[in-house]
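Morning, everyone. I have one structure to show you today, and I'll keep it brisk. Here it is.

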Amino acid sequence: MNMAQATDDQAKGQIKDAKKRYSAGVLKYRQMGYWDADYVPKDTDTLCLFRITPQEGVDPIEAAAAVAGESSTATWTVVWTDRLTACDSYRAKAYKVEPVPGIPGQYFAWVAYDIILFEEGSIANMTASLIGNVFSFKPLKAARLEDIRVPVAYVKTFKGPPTGLVVERERLDKFGRPLLGATTKPKLGLSGRNYGRVVYEGLKGGLDFMKDDENINSQPFMHWRDRFLYVMDAVNKASAATGEVKGSYLNITGATVEDMYERAEFAKELGSVILMVDLVVGWSTIQSMSNWCRKHDMILHMHRAGHGTYTRQKNHGVSFRVIAKWLRLAGVDHLHTGTAVGKLEGDPLTVQGYYNVCRDSYTKQDLPRGLYFDQDWADLKKVMPVASGGIHAGQMHQLLDLFGDDVVLQFGGGTIGHPGGIQAGAVANRVALECMVKARNEGKDIKNEGPQILRNAAKGCTPLQQALDTWGDISFNYASTDTSDYAATPATSA
Amino acid sequence: MINNPVGRITQGQFSFLPELTDEEIALQVEYGLGKGYAWSVEYTDDPHPRNTYWEMFGLPMFDLKDAAGVLTELRNCRKAFPSHYIRLMAFDSTRNTESITMSFIVNRPPSEPGFSLVRQEGVGRNIRYTTHAYVTDKPEGERG
């Protein structure tokens, strides 16, 4: 072996000689120990799959090692103070790199993190490591956290959903069918009294839930207390008119955490069964509100406001499936996870992957659905997914076929925009839902016979006929930007 | 009479549809049996939305794998309580579910008076709400 060859070998892997490894200066990340092709992930490791786009001329393995380094202990130069620590434990290990099938210049990089890296029960801490610095790192043009496997040992440090979908159903006394909801519209400008009118009509007509929208907080046109008072009058009146438990997600998002606690307390005093927060409040606030809900028998609805800024583009950001996993750990009961057939982004298989993350006891690797890892949820409660945005009664068979029973279907425009009024809109949705569940249980092929089943039910239900006449042909067929890139046979290591 | 678009209490999976025939009920029962659920018949004369525990007409039929048997129990219950609410419930004992997975009403009283909403005015604009079933003004056994 000549000198040049020896240097070349050294450049490929970790420098084992401590004196050389820790002499002042700059080394490649893989030389510092952030790449180990032979690493066998431990059951207690957190595993991440990143999609990386290295700058021109940057070797993909070095880029993967850099991701591991920058999301754990590394800084740009060698520091002797590493030698005061059990530093190998703290170094994340990139252990596999493969080109993304069909997309030149992009690579999948698998990285393992030891359990000592993270604070127990803290999403803020986990995310500060995993997505803290690395996404701004110059040698990468772009990076995306595609999926994550959280080890059971770490899962058990999280309390998860305060209620969970099973107990939610028991509290609401609603079983064997999707729940029905609608967002009160217009979302801005209604006075408290007018707002409560919409809530009452929707619930009395047959919906289970009404919902505040993400940007309804406490604006000049409607103070939050006014909203809560009128909404709860509507909820209770509708409950008495139908004999059913009803609810309306009261959005407690506010300027400060203290404001949010105040709003939560008032909602409890008024007897609401459910609260709502927006994703933009941040991880620590979400976990605090989750604790509060657990303590006060409250269901917690999460509106994923803002997620599209970092989840939608395939080459950069964080996949929603990762956000959904974090939210299940952080502890929410409802989570907007897309409709596949409505107005908002979502390839059907990818969206089903999000639903699985919310509802599975054990999520199996499923590449077409974008699930790259097995995930054992260790009996953590399940999250009720919410399908909302541009869906209507005419799509009931597709929605039930795609998502099954454990989902809240939210028809906002499809209820409030009904030509016969809000109650008629709610009746149309409820009849469409019940007839489709009945038909499915009877063994009918709802995917194909669905439209006929709806037309038959509409013969005895004018509101459903009107809904089908108004929206029957509306669909949103656009190509999805976020689909799973996978090869049936994994490509060989780069 | 209860005042909502379908004129009756809308608990359960199918309250917005025409009453299920016994043949249709049997198909639902078969669906549940196919999933491994155990069926149970329950009845009450107090349909308050928070009245969780209706009376059990016998135990859940854990070992009954035939829809006809469930229908027989339902008919016996109807005979004994013709003017009560009767519902069929399916239980799923799968780990992480262990709860009710289907529930629908299969018998109703001839008239459903429904509920009043009692408002107790509190401090400021706060109101405490109580849902009151008209039928419960009479003692149990004398209702319906």
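A word on the source before the details. This is a predicted model.

Start with the barrel in chain A. It is closed, and it has 8 strands. The order around it is S5-S6-S7-S8-S9-S11-S14-S15, and the pairing is parallel. From one strand to the next, the twist averages 25°.

Let's zoom in on one pair from that barrel. Strand S7 of chain A covers residues 247–251, and strand S8 of chain A covers residues 274–278. They run parallel, joined by 2 bridges. Look for A:Asn251: its bridge partner in S8(A) is A:Met276.

Now to strand S3 of chain A, residues 107–113. How many of its residues are buried? The count is 7 of 7. Take the faces in turn. On one side sit A:Tyr107, A:Ala109, A:Val111 and A:Tyr113. On the other sit A:Phe108, A:Trp110 and A:Ala112. Both faces are covered.

Who pairs with S3(A)? Strand S1 of chain A, residues 46–54, pairs with S3(A) over 7 bridges, in the antiparallel sense. Strand S2 of chain A, residues 93–99, also runs antiparallel to S3(A), with 6 bridges. In S1, A:Arg51 stands opposite A:Phe108. In S2, A:Glu98 stands opposite A:Phe108.

Next, a helix. H14 of chain A spans residues 320–330. Is it covered or exposed? Mostly covered: 11 of its 11 residues are buried. Among them are A:Phe320, A:Trp326 and A:Leu329. The buried set also includes A:Arg321, A:Lys325 and A:Arg328. After H14(A) comes A:Gly331, with a positive phi near 110°.

Last stop, the contact between chains. On the chain A side, 36 residues are in contact with 33 residues of chain B. Which helices of chain A each supply at least two residues to that side? They are H8 (164–172), H9 (192–205), H10 (224–242) and H18 (422–441). H18(A) gives the most, with 9 residues. By type, the chain A side divides into 10 nonpolar, 12 polar and 14 charged residues.

That's the tour. Questions, please.

Methods: Residues are numbered from 1 along each chain as its sequence is written. Chains are lettered from A and ligands numbered from 1 in the order in which they are written. This is a predicted model: local features need pLDDT of at least 70, side-chain atom pairs count only at pLDDT 80 or more; totals for chains, interfaces and linings use all residues. Two strands pair if DSSP finds at least two bridges between them. Helices (H or I, at least four residues) and strands (E, at least two) are DSSP runs, numbered from the N terminus. Axes are lines fitted to C-alpha atoms, for helices over the stretch in contact, and angles run from 0 to 180 degrees between N-to-C directions. A residue is buried if 20 or more other C-beta atoms lie within 10 Å of its own, exposed if 12 or fewer, and partly exposed in between; C-beta atoms are placed from the backbone. Two residues are in contact if their C-beta atoms, placed from the backbone, lie within 7 Å. Ala, Val, Leu, Ile, Met, Phe, Trp, Tyr, Cys and Pro count as nonpolar, Asp, Glu, Lys and Arg as charged, and the others, Gly among them, as polar.
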